[in-house]
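Dear colleague,

Please find below the structure that I am handing over to you. My notes on selected residues follow it.

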Amino acid sequence: MAIIGCGSATPSAILSNHHLSQVVDTSDEWIYPRTGMKNRHVSSTNETLSQLAADAAQKAIADANLDPTNIDLIILATSTPDDLFGSASKVQHLIGATQAAAFDLTVACSGFVFGLITAAQYIRTGVYKNVVVIGADLLSRWVDWTDRTTCVLFGDGAGAVVCQGTETKDNLLAFEMRNDGSQHGCLNLGYQGESKPLAEGITVQVGGYKPLTMSGKEVYRFAVAKVPEAIEKAMFRAGLAIDDLDWLLLHQANQRIMDAVAKRLKLPSEKILSRISEYGNTSAASIPLTLDTEIRAGKVKPGDKIAVSGFGAGLAWSSAIFVWG
Ligand code: COA
């Protein structure tokens, strides 16, 4: 398979560190040195996850010189659908991909890489030819805007790629997917219900989801320990040395995590792709959104070898080595 198109979309409103200092007791002096973040985009009341994901997908399909009716499958990696029953079907309708099957996939910030690997399996078995993988999240809907330890970190966005089956090459060179559910409590957006007696001897739960909670230090330690390992495994399977890589594109959670991972891999910092200062942590969107931004900027070129890694809630982490274009 080849990855032949890329697109992205962000809401128009930009929330700066300065804005945040008016919302909670924080400052640019605290946020920027610890995270690398300056701005993030946040959706307004009329912007939906489905529309943002559809905008990114449409651009990726146009970039691949395809028509939406050529798409066989849409995988929407998101933890923040407009509808708990899934938003992929709505995206399918919005973009007019009338022939495509569509489903949501939830692995938080690892979702895009898990989705890319899933797409490859459908393509390699010959079942589908053109698969769109979207990473999209609107975490501004779910953070606690009174909690300065989390609300400063997240932003909204969407990014998408088109994967296509080809006879001649397989540009997903290798991958690794891992989970450690014993650390599930480190990062959550959990259900919270109240008991409601319904009938004699029957009580059900009725409720919603409580805002995002996170043990920042544990997540930081986990990422710096596990991400280099996952990339090294995939590199070994691909038969590549670190020097063969053109770019390292990590989930954009924290600039310090990206720098620490690159250092462990002995990769020069110029090879890190980072747009964290513009977008913050956009969860499942962060890798395709950054990839698209760097392609449009002319930095990433066809033929470049890229190592990506998603990591976060689950805890889950993953890596993939692919050739763009
Ligand atoms: N503004 C100002 N002060 C803040 C603050 C903010 N936004 N957030 C926390 N603080 C304060 C804390 O209250 C604490 O104060 P205290 O010492 O008086 O108690 C102090 O800053 C240090 O807090 P701490 O949580 O120890 O900071 P840290 O150095 O661990 O950095 C993170 C916090 C979140 C930047 C860091 O832990 C991190 O990036 N973790 C990974 C998180 C992540 O990537 N999550 C997503 C994965 S998908």
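Tyrosine 209 is partly exposed, as its relative accessible area is 38% (buried means under 20%, exposed over 50%, and partly exposed in between, with a 1.4 Å probe and protein chains only). This is a predicted model, in which local features need pLDDT of at least 70 and side-chain atom pairs count only at pLDDT 80 or more, while totals for chains, interfaces and linings use all residues. Residues are numbered from 1 along each chain as its sequence is written, and side-chain values use heavy atoms, leaving out hydrogens and water.

Tyrosine 209 belongs to strand S11, residues 202-209 (strands, E, of at least two residues and helices, H or I, of at least four are DSSP runs numbered from the N terminus).

Asparagine 254 sits in the loop between strand S13 (247-250) and helix H8 (255-265). Asparagine 254 counts as buried, because its relative accessibility is 11%. A polar atom of its side chain lies 3.0 Å from the backbone oxygen of arginine 34. Not counting residues up to four places away in sequence, asparagine 254 touches Arg34, Thr35, Tyr220 and Ile276 (contact means heavy atoms within 4.5 Å).

Leucine 289 is placed in helix H10, residues 286-296, and is buried, with a relative accessible area of 1%. With residues up to four places away in sequence again left out, leucine 289 touches Ser8, Thr10, Gly157, Ala158, Gly159, Tyr279 and Thr282. Aspartate 170 is 119 residues from leucine 289 along the chain, and their C-alpha atoms are separated by 23 Å.

Yours sincerely

Key. A polar contact is a pair of N or O atoms within 3.5 Å; within protein, one must be able to donate a hydrogen and the other to accept it, and residues adjacent in sequence count only if both atoms are side-chain atoms.
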